[in-house]
Amino acid sequence: MNVIEIFEESARRHAGQAAIVDGRAGRERTTSFAELDRQSRQIAALLIKQGLQPGDGVVVFVPMSAELYAIMAALLRLAMVPVFVEPAAWRQTLDRALASMAVRGFIGIASACAMRLLVPALRRVPKVFVVGAFFPGAVPLRAARALTPSQHLEAVAADRPGILTFTSGSTGRPKGVVRSHGVLAATHRALSTCLELVPGDLDIALLPIVVLVN
């Protein structure tokens, strides 16, 4: 089972309810489950159009936001692997990340796209997408808004890699941690039981890897 099916079920049951509230204090925006589902499907359509394939690693440098979760949902839907590195130690971890799997995509805000130019291995990543502002040579993620939402859902085995994250390396060499679709689903079940969240509750999410529990 593709772990994103958990989100799809929530989107069907709670379409009009708030899924994510983000933005600066006093200027918050609310994204419903239906809107988040549509955005993720449109981003998936853009990724397919740009030639990315299941199994491709995609480095993600996007702050906590509705866009981050829409991107992650799109990648999981297509069985691509979001790659997250510790921002404070990105130089030390990126080489290991890029050596550990076939990374064919990069999604970041404009400053992250500029940072990418300082890393030779990242400059070789063929598909680059920018969130928000224009950046030379990058495909604007907002181009997805003009596309028909993708209905494709890649079937995956439980041991298929879902997310790759790297530790900061503060206690040794940075370590890569692969969370499979099965592990992500099991984490969701465990946290749902322990946290006893109720639909409509508002809670602070700090770790994208456990967003499905929300």
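Hi everyone, thanks for coming. Please keep in mind that we are looking at a predicted model.

Let's begin with the sheet. Seven strands make up an open, mixed sheet, and reading across it the order is β7-β6-β5-β3-β4-β8-β9. At the edges sit β7, residues 139-140, and β9, residues 176-180, each with pairing on one side only.

β3, which covers residues 57-61, runs parallel to β5, residues 103-109, and five bridges join them.

The model has two aromatic pairs. In one of them, Phe 61 and Phe 106 have ring centres 6.0 Å apart and planes at 25 degrees; that angle is under the 30 degrees cut-off, so we call the pair stacked.

On to the helices. Helix α3, residues 66-77, lies across β3, β4, β5, β6 and β8, and makes an angle of about 135 degrees with β4. Helix α3 is also among the elements that cover the buried residues of α1, along with α2 and α7. Which residues of α1 are buried? In this helix, residues 4-13, they are Ile 4, Ile 6, Phe 7, Glu 8, Ser 10 and Ala 11. As a reminder, an α-helix has 3.6 residues a turn, so residues three or four places apart point the same way.

Let me finish with two single residues. Ser 65 is in the loop between β3 and α3. Is Ser 65 buried or exposed? Its relative accessibility is 12%, and because buried means under 20%, Ser 65 counts as buried. A polar atom of the Ser 65 side chain lies 3.0 Å from the backbone oxygen of Pro 63. Beyond its neighbours within four places in sequence, Ser 65 touches Asp 22 and Arg 29.

Glu 196 is in the segment after α7, a helix that spans 181-195. Here the relative accessibility is 62%, over the 50% cut-off, so Glu 196 counts as exposed. From the C-alpha of Glu 196 to that of Val 213 is 9.8 Å, and the two residues are 17 apart along the chain.

That's my tour, and I'm happy to take questions.

Key: Residues are numbered from 1 along each chain as its sequence is written. This is a predicted model: local features need pLDDT of at least 70, side-chain atom pairs count only at pLDDT 80 or more; totals for chains, interfaces and linings use all residues. Side-chain values use heavy atoms; hydrogens and water are left out. Two strands pair if DSSP finds at least two bridges between them. Helices (H or I, at least four residues) and strands (E, at least two) are DSSP runs, numbered from the N terminus. Contact means heavy atoms within 4.5 Å. Axes are lines fitted to C-alpha atoms, for helices over the stretch in contact, and angles run from 0 to 180 degrees between N-to-C directions. Buried means under 20% relative accessible area, exposed over 50%, partly exposed in between (1.4 Å probe, protein chains only). A polar contact is a pair of N or O atoms within 3.5 Å; within protein, one must be able to donate a hydrogen and the other to accept it, and residues adjacent in sequence count only if both atoms are side-chain atoms. Rings of Phe, Tyr and Trp (its six-membered ring) pair if their centres lie within 6.5 Å; planes under 30 degrees apart count as stacked, over 60 as edge-to-face and the rest as tilted.
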